[in-house]
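Welcome, and thank you for taking a look. Please open the sequence and the 3D view side by side, and keep both at hand while you read.

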Amino acid sequence: MLRLSGFTGFASAINNALEDDSTPPPLFVFDFDRTLTNGMSRPGEEKDLRKVSALSPFFERGTPKELMVKDEQGNEIPLARGGSVFAADYQKAAALAQIIREQKQRSLRVFFFDDAIVNAHVVATSTKLHLNMSAPCPDVELISYWWDTFEEETGPTPSMKPSHTATTDSNYADFAKPMLADFGVTSEEVDARIEAYRAINMGTRSRRKAGEPVGGEELSKVQAAGKDMRAKMAPLAATLGARFARGPRPPPVLPNSSYNAFKTGKKLHNAELSEIRDAKKKGGGVKSIGGGLEGLLAARGLPRGLPRPAPPPASDWRAKAAKEKARADVAKKLFENKGVASLPPGDLENPRWETAFQVESPDEGSTGGLAFVATLAGAFAIKSANDMAEEYVGTKFLEAAWVPVPKMRVVFVGEEEHGLILQSVEEVAKQYSRRGDAEGAGRVMLHALTAMKKFDGPLILMELVECAFSLNELGRGGGAESVLEPGRGGRMARSRLDAIGRVWVLDAVLNFRDRFCSRLSYARYDEAVVGAEGEGEGKEFLTGNCDNVLFSPVGAGFAAIDSHVKLIREGGGVGAKKVAEGNNSELIERLHRELGRVLIEGTGCMEWLRFTVKVVGGWGLSDEALECVRVGAVRGMKAVQGAIEAVRVEIRKENGGDKWSKSMGRIDEEVLVEVGLVVGELVKEMTDDDGEVDEGEMLEGGEGEEEVVVEDSDVVESAKKIGANLRLWGALTSELRRVLVDERVKGVEAGEHSNGEFWGIR
Ligand SMILES: Nc1ncnc2c1ncn2[C@@H]1O[C@H](COP(=O)(O)OP(=O)(O)O)[C@@H](O)[C@H]1O
Ligand SMILES: [Mg+2]
C-alpha cells in the first residue's frame, strides 16, 4: 500500500506505472466518485455534486447488469456493472478480484486508487483472499494507493471541498487510525488534520498559507519534488489527457498514427524520466514524482505526433520548457479578456460552424454542458443536457407569452449540423494545440466536447444574450438602481420589471420553481422571510436562482434563460424526481390562491422581488417599480392561454425521432391545460382596471441599439478577405485577427504542435 498526496500525486503514480514497459501488463482500477471525478478540477474550482463527471464520460458504461460473487466465507456479495464501471459499495476487494479474474491473464500488475482510506486498506489487505477463492489464481502484483486528499483540500491551492470529519465515512473516524498508520500518517498528524478540517468547516481559518508546513516529512518531500517534476511530466500528462479525451476505446493497434504517437510519447517520457532519475541520484534527491491529473490539463506540450528527434540533453530541458511555455502564453493571450460571451451574437440561421475559432465552457451552471462558441459569423451558446425537451418547451412557452428569451433551435443527433458542430469544436481544440496551448485544447476537448457528446441527445443552439449580466450581478450593470428602478433606468428598467412579472406567473404555470423564490414557489415563504429578517442569516436561500435572469444593456434588456417545464407525468423518469415536489391538485390550488391575490392585493404581492433585489443588489425597489412588476404579472396571466396553445403544437411535432418524442411525451399536457383553465378563470375575474391592461407585446427595450460602426479600413479589408462578420471581426484583438488571417489564408505554420492528428479526428 502506498500513499499519494498533493496536486501532483495521482498522475505521478500512473506515470510511474506506465514508465515500465515490461510484463506483466498493468491494470488500472479507480474508485469512481471523488477519486476520478475530482481528478480534473483546478485549484479553486471546486466541484459540486452536480458537476461530478470530469472523467466519467470516458468510461464505457454499457447496460447495467447485476452479478453475485462469493467472499472467502462463502457469503454472497452483490455487484453491478455496466461496461467498465463497477458498483461495489464497500466491497471493493471483491469487485477488484472479479475485475482481475475477468482479464484472464496469468499475471498482472494491478494499480488501485481510492481516496477512502478504508477502501484502499481493504483492497491492499484482502484482495488476495478473494482471488485465492478461484482457480486458477492469477499471479498478481498489487499496489493499493490511498489518495490522501488533505493537501488538495486544505493546502494553499485547494482543488477540492474539504470533507467532513464527523461522518462514519470519514478517513479520520476513530476506527481508521490504524489504517492511517499503515499508510504512514501518525496519530499526532491525524489530530492536527482533524483540527485543520474543523477550522475550515467552521470558517475560523480559511486556508493554510502557502509554504506553511502541515507536518509530515514525506509531504514536504513530495512538494519539493513535485515542482520540477511537474514540468518534466507534462508531455506524458498531455499524452494521457489526449487519450482520455478520445474516449473509452483503447487505441487501435497498428497501423495507426495516433497509437504511434502515444507510444512515441511514452518512449520519450521514459527517456526523460530516466534523465530525471539520474539527475536526482546525483543530487541525492527524492524519489517521488509529480504531474497530477491536473497536469493532464496543465500540460504545456502536446503529444508529439510522429517520431521526433531524441530528447535534448539534460541541460537543455529547462530552456526548452521555458520556450514552450512562452509559446503557450502567446497562444492564450489571443483570447485574454475577450471571452466568447463578450463578442457580438451571431445569426442562429447561419452559424457557419466551419469557421469556429473559439470555444469556452462557462464555470457557472451545473447539470449539463453549456458551451460558448465563436465563429466568423458571431458568438453562440450551445447547451446539452438530459432534459432538453423540458428546457425547449419551457423557453418556447415564455417566448409565446412575450417574455424576451434567447432564440433557440434544436439540433438533433444524426442531422448533418450535429456532426458539424462537434467537428468544429474539435477543430478549435486542434487550433489551440497547434499554437502550443495544450491546456486550452484540453479544456475544449475535456469539457465542451465531452459535455456535448455525453448525453447522446440533441443540442440546443441558443442565441447569445449580448453583454449579459445576471440578477446576481447587478453591479455589472451599474447597480440595481440603474438596472431596475424606473426613475433611473427609464423605459429599459420598466420593460425589465414587466418581464420579471410575466416570468413570475409563467414559471408558476409551468411548475418551475427554480428561478424566483416567493409564495408561488415556496409554501412557507412568508414565515421564512420573517425568520431571516433579523439576523440576516439564510437570506440568500430565499432568493431563487438569480443566475437565470439575465439583463443586457441592449435589445430587450432582459432574457429569461434555463427555463423548464416541470409538469411531468408520473413515472416520467429523469426529470420526475425534481418535479414531484407537490402534486397537481396542490399546484392548482396554490396557483389559484396566489395569483388571485395579485388581483386583490396589487403590489403587495410583489414584495418578494423587493426582498430579492435587496438581498442580491442591496437596493429596495420603489412602489413604482413594483407596480410595473404587477402589471407584468397581469399581462403574463393574460398570455397564458395563447402560450399553452403554442407549446402544445411544439410538443406534438414529430421532428426529432423516437427519443425526442418520448421526452416530449413526458410533459403533462393535460395538467398544463388544467392549469391554463385556472388562470383563465382569474383573468375573467379581473376588475375593469386590469381588464384594460393589454396582453402586451414584448416591450421594446427603449433607447434603441446603437449601430456599431467599424471604420478602420484595415479591419474592413481583412474582414472581407476572410469572410467575417464585420462587427464580430472588429470586436477581436488585432493580434487574433492577424493570426486567424495568417492561419486561414497563408496556412498554419508547421511546428512541433502542428500535428493535430493525435486528436484522432476521422
Ligand atoms: N444564451 C446565453 N447568453 C449569455 N449567457 C448565457 C446564455 N445561456 C447561458 N448563459 C450563461 O451561462 C450560465 C449557465 O447557463 P444555464 O443555461 O443557466 O445552464 P445551467 O443549466 O448549467 O444553469 C448562465 O447563468 C449565464 O451566465
Ligand atoms: Mg442556470
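What follows is a short tour, from the overall make-up to single residues.

## The whole protein

Please keep in mind that this is a predicted model. The protein holds 27 helices and 15 strands. Of its 762 residues, 53% count as buried.

## The nonpolar cores

In soluble globular proteins, nonpolar side chains tend to be buried together. Here, the largest nonpolar core has 132 residues. Which residues have the most contacts inside this core? They are Phe-357, Leu-484, Trp-504, Phe-551, Leu-595 and Trp-729. Helix H21, residues 623-652, gives the core its largest share, with 14 residues. At least three residues of the core come from each of domain 3 (326-384 + 413-456 + 706-759) and domain 4 (469-684). There is also a second, separate core of 14 residues, with Ile-117, Ala-120, Tyr-172 and Met-179 among its members.

Leaving aside residues up to four places away in sequence, Trp-504 touches Phe-516, Ser-518, Leu-520, Leu-595, Val-598, Cys-605, Met-606, Trp-608 and Ala-633. Leu-595 in that list is also one of the residues with the most contacts inside the largest core. Cys-605, another neighbour of Trp-504, is buried at 6% relative accessibility. Cys-628 is buried as well, at 13%. A search of the whole structure finds 0 disulfides.

## Leu-464, a buried loop residue

Leu-464 sits in the loop between strand S12 (459-463) and strand S13 (469-470). Is Leu-464 buried or exposed? With a relative accessible area of 5%, Leu-464 is buried, because the cut-off for that label is under 20%. Its contacts, not counting residues up to four places away in sequence, are Val-340, Ala-341, Leu-343, Pro-345, Phe-372, Ala-379 and Phe-380. Leu-464 and Lys-407 are 57 residues apart along the chain, and their C-alpha atoms are separated by 8.4 Å.

## Strands and sheets

| Strand pair | Bridges | Residues opposite each other |
|---|---|---|
| S3 (residues 65-70) and S4 (residues 76-82) | 6 bridges | Glu-66 and Ala-80 |
| S13 and S14 | 2 bridges | Phe-469 and Phe-551 |

S13 and S14 belong to an open sheet of 3 strands, in the order S13-S14-S15, with antiparallel pairing. S13 and S15 each have a single partner strand and stand at the edges, so one side of each is left without a neighbour in the sheet. Phe-551, which stands opposite Phe-469, is also among the residues with the most contacts in the largest core.

## The magnesium ion

Which protein atoms are donors of the magnesium ion, ligand 2? They are OD1 of Asn-548 and OD of Asp-562, at 2.2 to 2.3 Å from the ion. Asn-548 lies in the loop between helix H17 (525-533) and strand S14 (549-551), while Asp-562 lies in the loop between strand S15 (558-560) and helix H18 (576-579), so the pair ties together parts that are 14 residues apart in sequence. Asn-548 is buried, with a relative accessible area of 4%, whereas Asp-562 counts as partly exposed at 22%.

## Two residues with positive phi

Lys-104 has a phi near 50° and is found in the loop between helix H3 (92-103) and strand S6 (107-114). At 73% relative accessibility, Lys-104 counts as exposed. Trp-402 has a phi near 65° and lies in the loop between helix H12 (388-400) and strand S11 (408-411). Trp-402 counts as partly exposed, at 29% relative accessibility.

Note on methods
Residues numbered from 1 in each chain as written. Chains lettered and ligands numbered in written order. Predicted model: local features only at pLDDT ≥ 70, side-chain atom pairs only at ≥ 80, totals over all residues. Heavy atoms only, no water. Donors = N, O, S within 2.8 Å, 3.2 Å for Na, K, Ca; no water. Helix = DSSP H or I, 4+ residues; strand = E, 2+ residues; numbered from the N terminus. Buried < 20%, exposed > 50% of the residue type's maximum accessible area, 1.4 Å probe, protein only. Disulfide = S-S within 2.5 Å. Pairing = 2+ DSSP bridges. Contact = heavy atoms within 4.5 Å. Core = buried A, V, L, I, M, F, W, Y, C linked by side-chain atoms within 4.5 Å. Domains from an automatic or database assignment.
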